[in-house]
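Thanks for coming, everyone. Let me put the structure up, and then I'll go through it from fold to core.

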Amino acid sequence: MVNDEDLQKHQNAVQCKDLRGSRLSEIPREITALNLAMSKGGLDTEKIGKLVHLHTLNISNAEVAEISGTSFDNYPKLRVVDASGNELHSIPVKLPLHVHHLRLNDNPLRDLTDSEIHTLDQLHSY
(Lines give C-alpha, C1' and ligand atoms only; values in the text may rest on other atoms or scores of the structure.)
Protein backbone atom coordinates (compact mmCIF):
# COMPACT_ATOMS: atom_id res chain seq x y z
CA MET A 1 0.00 0.00 0.00
CA VAL A 2 1.18 3.53 -0.78
CA ASN A 3 1.46 5.69 2.32
CA ASP A 4 1.14 9.49 2.53
CA GLU A 5 4.90 9.88 2.28
CA ASP A 6 4.94 7.92 -1.00
CA LEU A 7 2.20 9.99 -2.68
CA GLN A 8 2.93 13.69 -2.38
CA LYS A 9 0.46 16.14 -3.88
CA HIS A 10 1.45 19.69 -4.76
CA GLN A 11 -0.46 22.47 -6.50
CA ASN A 12 -0.54 20.99 -10.04
CA ALA A 13 1.94 18.17 -9.61
CA VAL A 14 2.15 14.80 -7.91
CA GLN A 15 5.20 12.77 -6.92
CA CYS A 16 4.76 9.06 -6.27
CA LYS A 17 7.54 6.75 -5.07
CA ASP A 18 5.76 3.40 -5.23
CA LEU A 19 3.39 2.37 -8.04
CA ARG A 20 2.62 -0.99 -6.49
CA GLY A 21 0.01 0.48 -4.16
CA SER A 22 -3.65 1.04 -4.77
CA ARG A 23 -3.82 4.75 -3.94
CA LEU A 24 -2.99 5.89 -7.47
CA SER A 25 -6.71 6.52 -7.91
CA GLU A 26 -6.14 9.47 -5.55
CA ILE A 27 -4.05 11.29 -8.16
CA PRO A 28 -6.02 14.43 -9.01
CA ARG A 29 -7.20 14.30 -12.63
CA GLU A 30 -6.30 17.99 -13.17
CA ILE A 31 -2.55 17.68 -12.52
CA THR A 32 -0.12 18.89 -15.16
CA ALA A 33 3.05 17.12 -13.91
CA LEU A 34 3.56 13.61 -12.58
CA ASN A 35 6.90 12.63 -11.08
CA LEU A 36 7.37 8.87 -10.86
CA ALA A 37 11.17 9.08 -10.85
CA MET A 38 12.75 6.20 -8.93
CA SER A 39 9.32 4.71 -8.22
CA LYS A 40 8.98 1.00 -7.83
CA GLY A 41 6.80 -0.99 -10.17
CA GLY A 42 7.53 0.46 -13.62
CA LEU A 43 4.96 2.28 -15.76
CA ASP A 44 1.38 1.04 -15.50
CA THR A 45 -0.83 3.55 -17.29
CA GLU A 46 -3.97 1.60 -16.37
CA LYS A 47 -3.27 2.16 -12.67
CA ILE A 48 -2.52 5.82 -13.22
CA GLY A 49 -5.67 6.41 -15.26
CA LYS A 50 -6.63 9.22 -17.60
CA LEU A 51 -4.91 12.52 -16.89
CA VAL A 52 -6.20 14.86 -19.58
CA HIS A 53 -4.16 17.88 -18.43
CA LEU A 54 -0.84 16.08 -17.91
CA HIS A 55 1.97 17.97 -19.66
CA THR A 56 5.11 16.47 -18.09
CA LEU A 57 5.75 12.86 -17.06
CA ASN A 58 8.96 11.86 -15.29
CA ILE A 59 9.48 8.10 -15.24
CA SER A 60 13.26 8.22 -14.93
CA ASN A 61 14.96 5.40 -13.02
CA ALA A 62 11.58 3.70 -12.51
CA GLU A 63 12.39 0.16 -13.66
CA VAL A 64 10.59 0.69 -16.99
CA ALA A 65 11.49 -2.04 -19.49
CA GLU A 66 9.03 -1.19 -22.27
CA ILE A 67 6.93 1.71 -23.49
CA SER A 68 4.27 0.77 -26.02
CA GLY A 69 2.95 3.04 -28.72
CA THR A 70 -0.30 3.41 -26.75
CA SER A 71 1.28 4.10 -23.33
CA PHE A 72 0.55 7.80 -23.55
CA ASP A 73 -2.92 7.70 -25.11
CA ASN A 74 -4.59 8.74 -21.81
CA TYR A 75 -2.54 11.94 -21.73
CA PRO A 76 -3.61 14.08 -24.73
CA LYS A 77 -1.69 17.18 -23.57
CA LEU A 78 1.53 15.32 -22.73
CA ARG A 79 4.52 17.08 -24.26
CA VAL A 80 7.54 16.03 -22.17
CA VAL A 81 8.54 12.50 -21.10
CA ASP A 82 11.70 11.77 -19.14
CA ALA A 83 12.34 8.02 -19.41
CA SER A 84 16.07 8.17 -18.71
CA GLY A 85 17.87 5.60 -16.58
CA ASN A 86 15.52 2.69 -17.24
CA GLU A 87 15.82 -0.70 -18.94
CA LEU A 88 14.52 0.34 -22.36
CA HIS A 89 16.03 -1.55 -25.30
CA SER A 90 13.93 0.23 -27.95
CA ILE A 91 12.13 3.48 -28.62
CA PRO A 92 8.33 3.38 -28.61
CA VAL A 93 7.07 3.23 -32.19
CA LYS A 94 4.07 5.38 -33.09
CA LEU A 95 4.65 7.85 -30.29
CA PRO A 96 1.67 10.24 -30.14
CA LEU A 97 2.26 13.42 -32.15
CA HIS A 98 1.64 15.60 -29.09
CA VAL A 99 4.82 14.29 -27.39
CA HIS A 100 7.62 16.67 -28.38
CA HIS A 101 10.43 15.84 -25.93
CA LEU A 102 11.49 12.31 -25.04
CA ARG A 103 14.53 11.83 -22.83
CA LEU A 104 16.07 8.34 -23.13
CA ASN A 105 19.65 8.71 -21.93
CA ASP A 106 21.16 5.96 -19.76
CA ASN A 107 19.04 3.17 -21.27
CA PRO A 108 20.53 0.06 -22.91
CA LEU A 109 19.13 1.01 -26.32
CA ARG A 110 20.10 -1.23 -29.22
CA ASP A 111 20.54 -0.05 -32.80
CA LEU A 112 17.49 1.86 -34.00
CA THR A 113 15.13 0.47 -36.62
CA ASP A 114 13.75 2.60 -39.47
CA SER A 115 10.38 2.92 -37.67
CA GLU A 116 12.08 4.12 -34.49
CA ILE A 117 14.06 6.69 -36.45
CA HIS A 118 10.80 7.89 -38.02
CA THR A 119 9.35 8.29 -34.51
CA LEU A 120 12.28 10.52 -33.57
CA ASP A 121 11.54 12.86 -36.49
CA GLN A 122 8.54 14.34 -34.63
CA LEU A 123 10.54 15.23 -31.53
CA HIS A 124 12.15 18.61 -30.77
CA SER A 125 15.69 18.89 -29.48
CA TYR A 126 16.52 20.73 -26.26
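**Fold and core**

The protein has 2 helices and 6 strands. Those are DSSP runs: H or I of at least four residues for helices, E of at least two for strands, numbered from the N terminus. In sequence order the pattern reads β-β-β-α-β-β-β-α.

Ground rules. This is a predicted model, where local features need pLDDT of at least 70, side-chain atom pairs count only at pLDDT 80 or more, and totals for chains, interfaces and linings use all residues. Numbering runs from 1 along each chain as its sequence is written, and side-chain values use heavy atoms, without hydrogens and water.

Now burial. Of the 126 residues, 44% are buried, meaning under 20% relative accessible area with a 1.4 Å probe, protein chains only. The protein exposes about 7000 Å², and carbon and sulfur atoms supply 48% of that. The area method is Shrake-Rupley, 1.4 Å probe.

Next, the core. Which residues touch the most other members of the largest nonpolar core? Leu34, Ile59 and Phe72, out of 26 residues. Such a core is a set of buried Ala, Val, Leu, Ile, Met, Phe, Trp, Tyr and Cys residues joined through side-chain atoms within 4.5 Å.

Take Leu34. Leaving out residues up to four places away in sequence, Leu34 touches Val14, Ile27, Ile48, Leu51, Leu54, Thr56, Leu57 and Asn58. Contact here means heavy atoms within 4.5 Å.

Last, Leu36. Leu36 sits in the loop between strand S3 (33-35) and helix H1 (45-48). Leu36 counts as buried because its relative accessibility is 1%. From Leu36 to Ile59 is 23 residues in sequence, but 4.9 Å in space, C-alpha to C-alpha.

Definitions and conventions
Buried < 20%, exposed > 50% of the residue type's maximum accessible area, 1.4 Å probe, protein only.
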